[in-house]
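Good morning, and thank you for coming. I would like to take you through the pockets of one model, then a helix pair and a single side chain.

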Amino acid sequence: PGQFTLSALLCVMAVCLAIFASAVVRSLHRLGCSALPAYFVVAMAISCAGVGLFSYPHPLHNIFGMSETVGVQTPLVAALACWRAPGARQLAIFSIIMYAVVLVAIAVNLIPLVRPAGLWPLVRPYFGIVQRFLFLSWFAWCAGYAMLLLKAGRADNSIQRMQTGDAGPRH
């Protein structure tokens, strides 16, 4: 009964991710960084839309679901893209930390495949929550990355105004 709602939600998320990706491109260009992380966000948007449009048990559902593996690499790509830019060091460090969290979430999600005797009984009752941990960790990176991009952009704009002698709007 909730399948249509979940599909619609995933498609709306995909649109929001595409909008976010366009903002990431602009912000990274202003900072002198590669826009490659934005393309990985677009890959996640396509995967989310595919999962939403082709709901289970459609065979494409699993293909789009597995393609999210590309999108969850975005924090690593973002860290590498911003590492050498002086105004983006905080972005890179945050992205590395969040990539470690994403990797932990991926590892925990793989527990059912191997079902280790000591770990599986602890995870099994909470597996629904465990599955959402990957979703939560990736979108926490998105939120934090967006806030840090805004902060870096404001600092960059302030420096440019000081260099050009423009103090901003006069009242």
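**Pockets and packing in a predicted model**

Let me begin with the second largest pocket, which has a lining of 13 residues; S27, R30, A146, L149 and L150 are the ones nearest its centre. Please keep in mind throughout that this is a predicted model. The space in this second largest pocket comes to about 200 Å³. Which helices each supply at least two residues of its lining? They are α1 and α8, and α8 gives the most, with seven residues. Sorted by class, the lining of the second largest pocket holds eight nonpolar, three polar and two charged residues.

I turn now to the largest pocket. Its volume is about 1200 Å³. The lining consists of 30 residues, and those closest to the centre of the pocket are G65, E68, N109, Q131 and L134. Several helices each supply at least two residues of this lining: α1 (3–31), α2 (36–53), α3 (59–71), α5 (89–109), α6 (111–114) and α8 (127–164). Which helix gives the most to the lining of the largest pocket? That is α8, with seven residues. By class, 18 residues of the lining of the largest pocket are nonpolar, ten are polar and two are charged.

Next, the helix pair. For α2 and helix α4, which covers residues 74–82, the axes come within 8 Å and cross at roughly 170 degrees. Angles over 145 degrees count as roughly antiparallel, and therefore α2 is roughly antiparallel to α4. On the α2 side, the contact is made by L36, P37, F40 and V41; on the α4 side, by T74, V77, A78 and A81. How do the residues of this contact of α2 with α4 divide by class? Seven are nonpolar, one is polar and none is charged.

Finally, a single residue. F133 is located in helix α8. With a relative accessible area of 30%, F133 is partly exposed, since that class lies between the limits of 20% for buried and 50% for exposed. Leaving aside residues up to four places away in sequence, F133 touches V101, V104 and A105. How far apart are the C-alpha atoms of F133 and A79? They are separated by 21 Å, and the two residues are 54 residues apart along the chain.

Thank you for your attention.

Methods:
Residues numbered from 1 in each chain as written. Predicted model: local features only at pLDDT ≥ 70, side-chain atom pairs only at ≥ 80, totals over all residues. Heavy atoms only, no water. 1 Å grid on protein atoms, 1.4 Å probe; cavity = no way out; pocket = protein on both sides within 12 Å on 5 of 7 lines; lining within 4 Å. Points joined across faces, edges and corners; volume = space filled by probe spheres on them. Helix = DSSP H or I, 4+ residues; strand = E, 2+ residues; numbered from the N terminus. Nonpolar A, V, L, I, M, F, W, Y, C, P; charged D, E, K, R; others polar. Axes fitted to C-alpha atoms, helices over the stretch in contact; angles between N-to-C directions. Parallel < 35°, antiparallel > 145°, perpendicular 65-115°, else oblique. Contact = heavy atoms within 4.5 Å. Buried < 20%, exposed > 50% of the residue type's maximum accessible area, 1.4 Å probe, protein only.
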